[in-house]
Amino acid sequence: TIVEFGYFYAMPYALTMAAALGARVIKIEDGNGDPHRNSFGPEVASAKTTAGKESVSLDLRTPEGRRAAQQIVARADAFVTGFRTGVADKLGLGCEELRATNPRLLYVHAAGYGTDGPYAQRALYAQAAQAVAGSFGRQVGYWADPARNRDMSVMELQAVVIPRLGQVVDGDSNAALGLLAALTLGLYHQQRTGEGQLLRTSMIAGNAWAYSDDFCAYDGKPPAPLCDDEYYGTSAVDRVYPAADHSWVCVAVRSDQEFAALVHALGLPELAEDERFATDAGRKANDEALAAALGARFQDKPASEWEAAAATARVGCVEANMKGQPVFTSFDPVLRETGVTVAYEHPQFGEMVRSAPPVAFSETPGRVAPPCARGEHNRAVLAELGYGQDEIDDLEVRRIVVAPEPLSSPD
């Protein structure tokens, strides 16, 4: 049992994955609920960060609300907070206070910048967390290079550079994966020894871990490969190409043997014998010429035909799905057949598609459950603690326990 006390994405999504793997996760919210619930329309965004959890809505500014939260944590294995240092302590949910009544508790502080230090009191969002770890430079380094746009006018910067500074936002998901890994290690230690402890991590740490191959600097370190000016890829053999019928093909070749297999599948065996391209060093030195040769050939057929030929040759060359991630995730039959995605019934929106549990165990399968509404499990959880129905009614009347809002149908 894990008690969650935090908002938005990084920390809550880590616990969503824990819930998918079988943990019981109880989310403590105030009367307004996690603001993520209304970030992109009522309960839309939070469907991904509240799935499989139970929600208890309490006013922690009151002694009765704090007492109820403390009783919930007293029976838990772990307490995870994502708020800045001091917030949980002020509301009666500090590490020392909770571990005084539950010595085996794993207390996890997963903040943006960390527990202490000069930035500990600052809020942090995904884009900044990943930029610190190197994501921004890696993804948009070509156009972020000052030498490339120093002589541009403001109008040119707005028209040419700014539209090319968009990037994949993975700062929250990287931090969530880092937290999930840390949490499972902490729980393993607790289950093995019976001992509790304080575990601290941060969004910065999670992103540094995800980008660890480029996070540290040292003498002689080769630069990280950057995408070209149109973001097609980092080299002629690691990029996308336009193919016939408005389709696109994605190539990923990692060795001389794979390159030879690719060009034979494309009907260009002479490229494997060309001294300019036969080795990795040669391909790097003659990247533009190789990209031009491959690009011209890919336009002769649709991407699906190139994928079929490459599959036979056992080389990385596939058709790129151009319908966008939501459509691909929701409707791709292969994702469904292989268990990567799964459909479930949302209590407000009907059938929805989501990712399946992140790990599949043969003997202890994960579970797929709908998201929780704010305060949906007030009565069930408090009844477990010994609260009577009349007592819960009184707490609701005084808004110490905040009843859930009735579900509304989407327009």
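Aspartate 280 is partly exposed at 40% relative accessible area (buried means under 20%, exposed over 50%, partly exposed in between, with a 1.4 Å probe and protein chains only). This is a predicted model, where local features need pLDDT of at least 70, side-chain atom pairs count only at pLDDT 80 or more, and totals for chains, interfaces and linings use all residues. Residues are numbered from 1 along each chain as its sequence is written, and side-chain values use heavy atoms, with hydrogens and water left out.

Aspartate 280 pairs with lysine 284 in a salt bridge, meaning a side-chain nitrogen of Lys or Arg within 4 Å of a carboxyl oxygen of Asp or Glu. The two sit four residues apart in helix α14, so about one helical turn separates them; helices here are DSSP runs (H or I, at least four residues) and strands likewise (E, at least two), numbered from the N terminus. Lysine 284 is exposed at 61%.

By this rule there are 21 salt bridges, including these:

| Pair | N to O distance |
|---|---|
| lysine 27 – glutamate 4 | 2.5 Å |
| glutamate 230 – arginine 164 | 3.3 Å |
| lysine 284 – aspartate 280 | 3.3 Å |

Lysine 27 is buried at 0% relative accessible area, and glutamate 4 is buried at 0% too.
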